[in-house]
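Colleague: Hi! Could you walk me through this model before I set anything up?
Modeller: Happy to, here it comes.
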Amino acid sequence: DAKTTQPTSMDCAEGRAANLPCNHSTISGNEYVYWYRQIHSQGPQYIIHGLKNNETNEMASLIITEDRKSSTLILPHATLRDTAVYYCIVRPVIGNEKLTFGTGTRLTIIP
Amino acid sequence: KAGVTQTPRYLIKTRGQQVTLSCSPISGHRSVSWYQQTPGQGLQFLFEYFSETQRNKGNFPGRFSGRQFSNSRSEMNVSTLELGDSALYLCASSLGTGQGGNSPLHFGNGTRLTVT
């Protein structure tokens, strides 16, 4: 599976958009980009995933560059409850429920 | 729809004992995966079950085992517990078939195991 690189930590002011970058320069054409987040003492929460096109759901937007080597997760109006560790994961299109988690980005929302 | 349910939420065991953790997947999900999370190693894949068969396995010793029942519920067993087995054990479920990587895994809130 392709490896991902994320900043260790980020801060964002409450009410502003939080933009979390992820580098996956070795991604192949048959791998999705997934984002999860984990709030302390809870299990990882699925946020969004995409293959080539940008995606948006009720939680966030996912912007994937045209060459697919990097992506950005956007939380449009961050709240204090968005403080968590965010994981960017690359997952094969075919088969395999195994997710390889890195160390993620610790996002802190500042009041 | 109810989420993934794991029981118990907390568990304290002594070295050498064995433990069984339980996971009820989201209704309609046929794949159940187990993960171990520790501060030092992060989240690591243990194994995955689909239709009562182990389909994928991580790099853990044979003391870690699991099974899946016909209703897709799963149990994980750890025998001869060691201090290093103290961790948050997470279960995740997904459709597991036909969707491939397009079917998100949904996690429970885990069982926190402490071995003394």
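Modeller: First a definition: strands (E, at least two residues) and helices (H or I, at least four) are DSSP runs, numbered from the N terminus, and two strands pair if DSSP finds at least two bridges between them. This is a predicted model, so local features need pLDDT of at least 70 and side-chain atom pairs count only at pLDDT 80 or more, while totals for chains, interfaces and linings use all residues. Residues are numbered from 1 along each chain as its sequence is written, chains are lettered from A and ligands numbered from 1 in the order in which they are written, and side-chain values use heavy atoms, with hydrogens and water left out.

Colleague: Great. Which strands of chain B form a hairpin with two residues between them?
Modeller: Strand 5 and strand 6 of chain B do, and in the turn Ser51(B) has a positive phi of about 50°. Strand 5 covers residues 42–50 and strand 6 covers residues 53–57; their pairing is antiparallel, over four bridges.

Colleague: And what is the bridge partner of Phe47(B) in strand 6?
Modeller: That is Lys57(B).

Colleague: Switching topic: is Ser74(B) buried or exposed?
Modeller: Buried, with a relative accessible area of 0%; the word means under 20%, with exposed over 50% and partly exposed in between (1.4 Å probe, protein chains only). Ser74(B) sits in strand 8 of chain B, residues 74–78.

Colleague: What does the side chain of Ser74(B) make a polar contact with?
Modeller: The side chain of Trp34(B), at 3.0 Å. A polar contact is a pair of N or O atoms within 3.5 Å; within protein, one must be able to donate a hydrogen and the other to accept it, and residues adjacent in sequence count only if both atoms are side-chain atoms. A polar atom of the Ser74(B) side chain also lies 2.9 Å from the backbone oxygen of Arg67(B).

Colleague: Now the interface. How many residues of chain A are in contact with chain B?
Modeller: 20 residues of chain A, facing 25 of chain B, where contact means heavy atoms within 4.5 Å. In chain A, strand 3 gives the largest share of that side, four residues.

Colleague: What about polar contacts and salt bridges there?
Modeller: Seven residue pairs are in polar contact across the interface, both residues at pLDDT 80 or more. The salt bridge count between the chains is zero, taking a side-chain nitrogen of Lys or Arg within 4 Å of a carboxyl oxygen of Asp or Glu.
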